[in-house]
Amino acid sequence: MKQKLTITAAVFLLSPALASAAALDAITQSNPAPEKGVVDQLNAHVLATPHFLHLDSQPSESMGPLLKRQYFHGNQSTFVKWTAKAGAKVPLHKHPNEQITWIISGQATVYSAGKEYSMKAGDIMLFPANVPHEFHFSKDTIDIDFFAPARQDWIDGTANYIQ
């Protein structure tokens, strides 16, 4: 006999970290769509379900007077929205994660491997794992970053390069 879980129950059972008011609010934006997004032989064996979040509902963490971040972790990745005021800096650092940076608005100067890169809205930059880099924001900026694997140093609180 098959047991069915509601989406709400699945969120609580599979990811307690996502069992928040924001996650529950996001569930109200889903509707049944029988036979859509289903591979018969696969879906019967998959226990996980997608997680639907509203980024601006995620907690905002101040990383100093000019820099804030909102982020969440998947099982294998981390997604972050940085809100930087002109003059904000992320000092030189490196990490074992590949990083993809996408400037949504504003402007940043990036220093890496002895080069200076000027990033503006619409630009994307990929940093391979363990490549040192730093950011200097010359204008108010929204920066979206994607890390893989997930940022373990953020999960366990050992990242201390941003003050």
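Predicted model: local features only at pLDDT ≥ 70, side-chain atom pairs only at ≥ 80, totals over all residues.

Me: Which strand supplies the largest share of the nonpolar patch?

Reply: The patch on the surface is formed by I100, W102, I104, I124, L126 and F146, with about 540 Å² of accessible area together. Two strands, β5 (98-105) and β8 (124-127), each supply at least two of its residues. The largest share is three residues, and it comes from β5.

Me: Is W102 buried, partly exposed or exposed?

Reply: W102 lies in strand β5. Buried would need under 20% relative accessible area, and exposed over 50%. W102 has 41% relative accessibility, so it counts as partly exposed.

Me: Which residue in β2 is the bridge partner of E61?

Reply: Strand β1 covers residues 61-62, and strand β2 covers residues 67-73. The two pair in the antiparallel sense over two bridges. In β2, the partner of E61 is R69.

Me: Which residue takes a positive phi in the hairpin of β1 and β2?

Reply: This hairpin has four residues between the strands. The phi in question is near 130°. The residue that takes it is G64.

Me: How many bridges join β2 to β3?

Reply: A hairpin through four residues joins β2 to β3. H73 has T78, in β3, as its bridge partner. Strand β3 spans residues 78-84 and runs antiparallel to β2; the number of bridges joining them is seven.

Technical notes. Residues numbered from 1 in each chain as written. Heavy atoms only, no water. Patch = residues over 30% accessible without salt bridge, like charges linked within 9 Å, V, L, I, M, F, W, Y side chains within 5 Å. Areas by Shrake-Rupley, 256 points an atom, 1.4 Å probe, with all protein chains shown as cover. Salt bridge = Lys/Arg side-chain N within 4 Å of Asp/Glu carboxyl O. Buried < 20%, exposed > 50% of the residue type's maximum accessible area, 1.4 Å probe, protein only. Pairing = 2+ DSSP bridges.
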